[in-house]
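Thanks for coming. I will go through one model, starting with its surface and then turning to a pair of helices.

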Amino acid sequence: MPGWLAAGWWGLVAGGALVVGAVIAWVVRVPTRVVASVMAFGAGVLISALAFDLVDEAEHTGGLFAVALGFLGGAAVYVAANAVLAHYGAKHRKRSHGHQPTEEQQDGSGAAIAIGALLDGVPESVVLGVSLLGGHGVGVPVLAAVFISNLPEGLSSAAGMKEANRSARYVFAVWIGIAVLSGLAAMLGYLLLDDASPFLIAVITAIAAGAILAMIADTMVPEAFSETHILTGLITTIGFLTAFAVERLG
């Protein structure tokens, strides 16, 4: 399979976890504490992937300056975009219970939530595409981290959408659309950076990593803590350790 096609496929697979989570939320009432616990676990898994795969690989590829430049830039851009979307009603897009505004409460919030969900998913997908550039296949720890974190994201956010009286058509259009765009983002990440310099690849990887870390802190951890409270740190630590063990034993 050509590299660009493999990148698109794995981006679609990882994005598909959002759709799976949304389906579960739509047909089954999953306790919010269970959703929050999985969210905390997924946050730990992602943090581990950032530390031991993305940032480490970027530093080896392009040096510390490239990492610092991209990492801070990615976080800054994400936070700025997130602030704008929060103003239009997307602040609680990952919340499952009583936080997301209805369209009647805040006009345009549906579009803002959809764009916010896309904002959360694109950096992860780009990273998957970049991970294939070395010709060694997809980065399994990163793929697993993205898939595991996407499942509770889709579940929690879709549950919140349902509670805010969003239609099934809206909910599944959002998540299927984002899954497809995740595949395209991974494909573009591969195609556009195929002949790029190591420094540029390192910067792009670090930008995605910075955006992902900002997303974890701004959206995943608040949802997890709102239900699991004092156990959040422990569950996140277990997720981190699990991903670390998979990476070292793999």
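**A surface patch and a helix crossing**

What you see is a predicted model. On the surface there is a nonpolar patch formed by Met1, Trp4, Leu5, Trp9, Leu12, Ile176, Val180, Leu181, Leu184, Leu188, Leu191 and Leu192, and together these have about 1,200 Å² of accessible area. Two elements, H1 and helix H6 (168–192), each give two or more residues to the patch. H6 supplies the largest share, seven residues. Val180 is found in this helix, H6.

Now to H1 again, and its partner. Helix H1 spans residues 3–27 and helix H5 spans residues 140–163. Their axes come within 7 Å and cross at roughly 35°. The crossing of H1 past H5 is right-handed. On the H1 side, the contact residues include Trp10, Val13, Ala14, Leu18 and Trp26. On the H5 side, among them are Leu143, Phe147, Asn150, Glu153 and Lys162. What kinds of residue make up the contact of H1 with H5? They divide into 17 nonpolar, four polar and two charged.

Notes. Residues are numbered from 1 along each chain as its sequence is written. This is a predicted model: local features need pLDDT of at least 70, side-chain atom pairs count only at pLDDT 80 or more; totals for chains, interfaces and linings use all residues. Side-chain values use heavy atoms; hydrogens and water are left out. Axes are lines fitted to C-alpha atoms, for helices over the stretch in contact, and angles run from 0 to 180 degrees between N-to-C directions. Helices (H or I, at least four residues) and strands (E, at least two) are DSSP runs, numbered from the N terminus. A crossing is left-handed if the near helix is turned anticlockwise from the far one by less than a right angle, and right-handed if clockwise. Contact means heavy atoms within 4.5 Å. Ala, Val, Leu, Ile, Met, Phe, Trp, Tyr, Cys and Pro count as nonpolar, Asp, Glu, Lys and Arg as charged, and the others, Gly among them, as polar. Patches are made of residues with over 30% relative accessible area and no salt bridge: like charges are joined within 9 Å, nonpolar side chains (Val, Leu, Ile, Met, Phe, Trp, Tyr) within 5 Å. Accessible areas come from the Shrake-Rupley method with a 1.4 Å probe; for residues, only the protein chains shown count as cover. A salt bridge is a side-chain nitrogen of Lys or Arg within 4 Å of a carboxyl oxygen of Asp or Glu.
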